[in-house]
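Colleague: I am new to side-chain contacts. Could you take me through the ones in this model?

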Amino acid sequence: MKAVQWFIKIGTLTACAMAFAAPDPKVIASAADLPISEWVKQPSFESIRISPDGKHMSMIIPKDDRSAFAVLSIADMKATMHVQQRADEYIVDANWVSNERIVLELGQRFSGNDAPTATGELAAVDYNGKRSAYLFGYRGKMSTGTNIKTGAAERAAATLISDRLIDDRYIMTIIRSFEADAGTPSRWCRMDVYSGAQRCESNLPGRGQLEGFLLDDKNVLRAIALNDVDGLTHLHYRADQKADWEKIADESKTSEGISPAAWTGTEQQFYVYHSRARGPTALSKFDPATGKFTVVHQPTSASVGSVLLGTDRRTPFAVRLLGGRGSIKPLKKGAELDLVMQLASTFPGEVATPLQFSDDGKVALVEVKSDLTSSDYYLYEFASKKMTSLGGARQWLNADWMAPTEPMLSKASDGMELESFLTLPLGASKLTPAPLVVIPHGGPFGVKDDWYFETETQLLASRGYAVLRVNFRGSGGYGKKFEQAGFKQWGRAMQTDLRDVADVVLKREELDPDRVAIFGASYGGYAALMGGVQEPERYKAVISVVGVTDLELMYTRGDIEDSLYGVKFMERAIGRAQLAEYSPVNHAGKIKAPVLLIHGKLDQRVPIAHAERMKKALEAAGNAPEWYVESKEGHGFYTPENRAAMYEKVLAFLDKHVKKR
């Protein structure tokens, strides 16, 4: 096949997808001995999928500047296909739509992001590497080669919404124009997986951003949730393929966000994620004829994260919950739930989740992860109850070397409950208290930290630092009220949440309250700088990576202000009042701690002007920061080489100002 670049045609799973330079066990005795380069390496593979018949599996293999893609026969773990993209070309997802055909979602790295982003382009290929085709996209060409017939470019993005072929050739897609902000409606189309030809059924109701959709058991699009420019969800429904669309739920009137989750089967009802004005998001059954909800599961703390669908690919048998150490809540008895219970006993202290089932229900793909391990994968055979290991995405990071993470609940000063995660380095005790690094997450809205393995946290713990991660108000995963409580609270309640949790944590005898640093990226970089401004006595070091420093600049520079949705979101989330008061650049003189500023020169999300202004302000205040700019990175560092260089700077800075008493 000339349209792709072949590496190997046949090889074992290890040779094909999991090859890496494993640390020498004679030299490496603990995580402290692992060089930074080992921590920042790309995972061996990601996005594992099994074919509908359970005979093959595919995986995306991240490279430093591109993606590779492999398909293996499960019977002998030999590759039937292994291809590589061109430089700066990525595969972000892969979907088996039949036993032979795989639809690939393509992406690129843009300077506004630190990782590849889906571009709305679709390509397809057979499991053996034959009949590759570029189906849809704005570039109108095959990104994995040049000998594929060029397609017509279209300034639009396609979203795959069906998980199997229809009529042997078609998939269902939603196609959204790049000019959607200007009022161009999205459309619902069948797309030929061999030619890319489209048969569009109709325009979709409304002109918002896609939040959720629902196909019935006949592959008819029955419900769709769209977000308008004000961030409000509108749920549209139709009784059958010929019926008109009807808006059946409007968040602007009810203050309740409703998004489709799963079809119920023969009933004229469906499962929805139900985000009420109060409390975490629930899973409910919704009757569009009456507008009534039947709650299936209402969490008390963190929200329902996702539904787990059974072997019919339609019916939920359990829900995954977001809080604490992660858990699975049963909904329906059957072989799938029996498997979940068996996995729980086989992997105590970890969370084991069936990700996929073969269409005949005989095989399951299982993911196992915890705070100590990145994702490990297994194949489970129901008849024999045999579990076959497929390996781990980062199996060179020994779980025995990692530091446990403890979920915690505490109260903010105004009484709001906050969840946080504390990781103590191995050996921390009353006699040897550890320095603490507070790491506010980026986003900030809709993003959350969780209990699972996190490379940055474990790297810092391996070097003797405790790490505190706080889901301050505004974070996702705790319901609409909690997220909206963060609106217009930059530098205010979102910031004091960090203070309130740190006050509680620093009472622990394993921590040294006199050696505390704050370190974050993007919004986290902003929060780090504001921490230095508002708590100058607490923080002995402040590190901001691609951090926002001037809130007024958010409205005039960067890619957010290029979009109507982005501008509207900033007005809701940040507001326009008191921008100067809550911009760290205007309070540089209040920061007593040494500061490290790190930025990507190509950053479009938070342009480097933010860092340059902060640097100038700190210098004028007599507190010149340490300064590191990477000329080829954008909003966050992606390549392992650049990430390693960044962490070298971070650790050296922490060691100099915090670690030593």
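Colleague: What should I know about the model before we go on?

Modeller: The model is predicted: local features need pLDDT of at least 70, side-chain atom pairs count only at pLDDT 80 or more, and totals for chains, interfaces and linings use all residues. Residues are numbered from 1 along each chain as its sequence is written, and side-chain values use heavy atoms, with hydrogens and water left out.

Colleague: Which residue meets E406 in a salt bridge?

Modeller: A salt bridge needs a side-chain nitrogen of Lys or Arg within 4 Å of a carboxyl oxygen of Asp or Glu. Here the N to O distance is 3.0 Å. The partner of E406 is R508.

Colleague: How many residues apart are R508 and E406?

Modeller: Helices (H or I, at least four residues) and strands (E, at least two) are DSSP runs, numbered from the N terminus. E406 is in strand β29, while R508 is in the loop between α7 and β33. The pair links distant parts of the chain, and they are 102 residues apart.

Colleague: How many salt bridges are there?

Modeller: One of them joins R66 to D65, with the closest N and O atoms 3.0 Å apart. R66 is buried at 17% relative accessible area, whereas D65 is partly exposed at 31%. The count of salt bridges comes to 31.

Colleague: What distance separates the closest N and O atoms of R131 and E100?

Modeller: R131 forms a salt bridge with E100. R131 lies in the loop between β8 and β9 and E100 in the loop between β6 and β7, so the pair ties together parts 31 residues apart in sequence. Shared partners join E100, R101, D126 and R131 into one network. For R131 and E100, the closest N and O atoms are 3.5 Å apart.

Colleague: Is the disulfide of C189 and C200 right-handed or left-handed?

Modeller: A disulfide is a pair of cysteine sulfur atoms within 2.5 Å, and C189 and C200 have theirs 2.1 Å apart. C189 lies in strand β12 and C200 in strand β13, so the pair ties together parts 11 residues apart in sequence. C189 is buried at 0%, but C200 is partly exposed at 38%. The torsion about the S-S bond is about 90°, so the disulfide is right-handed.

Colleague: Are the rings of F317 and F357 stacked or edge-to-face?

Modeller: Rings of Phe, Tyr and Trp (its six-membered ring) pair if their centres lie within 6.5 Å; planes under 30 degrees apart are stacked, over 60 edge-to-face, and the rest tilted. The centres of F317 and F357 are 6.1 Å apart. Both residues are buried. Their planes are at 70°, so the pair is edge-to-face.

Colleague: What is the angle between the planes of Y523 and Y526?

Modeller: Y523 and Y526 are three residues apart in helix α8, so about one helical turn separates them. Y523 is buried at 1%, and Y526 is buried at 0%. Their aromatic pair is tilted, 5.5 Å centre to centre, and the angle is 35°.

Colleague: Which ring does the charged end of K369 sit over?

Modeller: The rule asks for NZ of Lys or CZ of Arg within 6 Å of the ring centre and within 35 degrees of the ring normal. The charged end of K369 is 4.3 Å from the centre. The ring belongs to Y452.

Methods. Buried < 20%, exposed > 50% of the residue type's maximum accessible area, 1.4 Å probe, protein only.
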